[in-house]
Amino acid sequence: SHSLCGATYSLFGGLPVWTMLLISSALAGPVEFAPEAQVRPRAEANNGRDGAPGGGEIFISQRTRLGGLVAQGDVSVRVVVQDVRSWGEEFDTKADYAADNLDIYVGYATWQPTESVKAHVGRLVLPIHEQRLMSSNPWSQQERRFDGAHVEWKANDFSGDVAGLLLADSDTPANDGDALLGVMRAGWSVDGSQLDVLYLALSDTGRERLSHTAGVYTRGEAGIVSGRLESYVQAGRRDGGPVLGWMLGVKGTLAPEVESKPRFSLWYDHLSGESSVGNGVNNTFDLLFGSGHRFYGHMDVMAISVGGAQDLRGLQDLAVGFDVSPVEELRLGLDAHYFLPSAQLNGAANLGSEIDGTASVEVAKNLNLLAGGAVLFRPGAGEIDQLAYLMVDASLQTKKPR
């Protein structure tokens with residue numbers, strides 16, 4: 001190209017470069033913008049969640065998000081900034097200019113060369129199935145995100161995902177080791193039924209870990225009855241020793257077709273624990289990046305600190321749930337859990353029981369009020385664990401992220 005009277009021309013046809021860019025932009029199609037925003041303050045109270053007297057706390061946290069998606073042709077970019085904080089955390093409401101908890105929630109580019117294939121790269125969320133092993137953990141105000149690349153495809157009734165995620169990089173100041181996660185899912189779905197296979201490979205130099213988790217997930221429905229079954233095996237090495245664990249989860253739901261839309265559910269989860277002491281094999285199943293809150297009670301104690309990977313006993317959870325919508329804008333739910341260890345290792349024959357209650361009210365379009373509470377009874381504990389919350393969720397999303 002060359003310059004003439006201040007204008008830059010292309011050698012291809014003598015057209016100005018800016019004209020070529022405008023033509024290319026026009027051929028790519030119009031630019032679309034879909035804004036999104038969310039404000040979600042939540043008041044919480046608990047008495048320590050440790051079975052011991054004292055340690056109670058009351059606090060208000062808040063998630064604030066603002067961003068959107070820009071798309072043109074086969075390419076789109078989604079960027080959302082979020083601020084997560086507790087009310088009253090600033091040292092001076094006038095002189096504190098630091099946004100200590102401001103971060104990029106998601107920031108990724110998407111290329112969709114065909115109707116069947118999408119490729120994403122950047123910071124993204126990657127929930128799989130009902131988020132047993134791969135969860136965005138939406139209950140936490142900051143939510144879980146991953147840095148990496150994700151390709152998804154769909155052809156008729158078949159679909160799949162392949163992702164490579166960088167969890168830790170020793171070249172960054174925050175980490176002294178490297179951690180990588182590989183995700184592969186493939187399956188078939190039609191008319192409310194689904195059958196998938198899932199494989200997760202996790203390498204973590206900080207814990208001398210190279211583990212492989214593989215299994216199946218299936219769900220189906222017939223009239224007012226629906227159900228879900230999933231099972232995984234875990235093998236490899238962790239913390240310098242061999243690993244061999246497994247898990248099984250099954251759930252059935254009855255949803256009569258009446259005006260109040262009631263649902264009755266029964267489910268059972270079994271996470272393996274230490275089969276014996278001193279055999280040199282870690283038999284405790286690791287939930288990896290799953291959402292314990294979604295499966296093992298709102299108290300978020302079981303499968304995390306009691307009966308989980310931390311104390312090696314594993315977990316069995318037998319639960320029953322009921323929810324109903326007496327009016328269109330209101331949904332009420334009640335769950336009851338009974339927890340048992342998978343292995344008897346210097347602990348009680350049962351781990352405890354928990355009762356959870358929830359209520360969700362649609363105050364207006366894009367504005368919801370959510371409330372809930374939980375009590376956890378543990379044998380030999382100094383007190384009953386209690387939890388309560390009240391949350392306002394105001395969100396706007398004009399277009400579903402691609």
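**Notebook: cavity, pocket, core and strands**

I began with the lining of the largest cavity, and its residues split into 5 nonpolar, 2 polar and 2 charged. For these classes, Ala, Val, Leu, Ile, Met, Phe, Trp, Tyr, Cys and Pro go down as nonpolar, Asp, Glu, Lys and Arg as charged, and the others, Gly among them, as polar. This is a predicted model, in which local features need pLDDT of at least 70 and side-chain atom pairs count only at pLDDT 80 or more, while totals for chains, interfaces and linings use all residues. Residues are numbered from 1 along each chain as its sequence is written, and side-chain values use heavy atoms, with hydrogens and water left out.

Which residues line the largest cavity? I noted I128, H129, Q131, R132, L133, M134, L198, E230 and Y232. Its volume is about 30 Å³, and the count comes to 1 cavity of 30 Å³ or more. A cavity here is a set of points, on a 1 Å grid over the protein atoms alone, where a 1.4 Å probe fits but cannot get out; a pocket is an open set with protein on both sides within 12 Å along at least five of seven lines, and lining residues have an atom within 4 Å of a point. Grid points are joined across faces, edges and corners, and the volume is the space filled by probe spheres set on the points.

I went back to H129 from the cavity lining. H129 sits in the loop between β7 and β8 (146-155). Its phi is positive, about 55 degrees, although H129 is not a glycine. Buried or exposed, or partly exposed? H129 is partly exposed, because its relative accessible area is 24%. The cut-offs are under 20% relative accessible area for buried and over 50% for exposed, with partly exposed in between (1.4 Å probe, protein chains only).

N156 is in the loop between β8 and β9. N156 also has a positive phi, near 60 degrees, in a residue other than glycine. N156 counts as exposed because its relative accessibility is 70%. T114 I found in the loop between β6 and β7. At 39% relative accessibility, T114 counts as partly exposed.

How many helices and strands does the protein have? I wrote down 2 helices and 20 strands. Both are DSSP runs numbered from the N terminus: helices are H or I with at least four residues, strands E with at least two. Of the 402 residues, 37% count as buried. Among contacts (heavy atoms within 4.5 Å) between residues at least 6 apart in sequence, 52% join residues at least 24 apart.

The lining has 32 residues, and N137, G292, H293, D300 and I304 lie nearest the centre. Two or more lining residues come from each of β3 (32-46), β4 (57-72) and α2 (292-295). The largest share, 3 residues, is from β3. By class, the lining has 13 nonpolar, 11 polar and 8 charged residues.

Nonpolar side chains tend to be buried together in soluble globular proteins. A nonpolar core is a set of buried Ala, Val, Leu, Ile, Met, Phe, Trp, Tyr and Cys residues joined through side-chain atoms within 4.5 Å. The largest one has 37 residues, of which L126, M134, L165, L181, V183, L271 and L315 touch the most other members. β6 (102-111), β9 (158-168), β10 (179-190), β11 (193-204) and β19 each supply at least two residues of this core. I followed L271: beyond its neighbours within four places in sequence, L271 is in contact with W246, M247, F285, L287, Y296, A303, G314, L315 and S342.

V121 is in β7 (residues 117-124). V121 and Y108 are 13 residues apart in sequence and 5.4 Å apart in space, C-alpha to C-alpha. Two strands pair if DSSP finds at least two bridges between them. β17 (residues 330-340) pairs with β18 (residues 352-364) in the antiparallel sense over 10 bridges, and A336 has I355 in β18 as its bridge partner. β18 also pairs with β19 (residues 367-377), antiparallel over 11 bridges. There the bridge partner of A364 is L367. The hairpin of β18 and β19 has 2 residues between the strands, and N366 takes a positive phi near 70 degrees.
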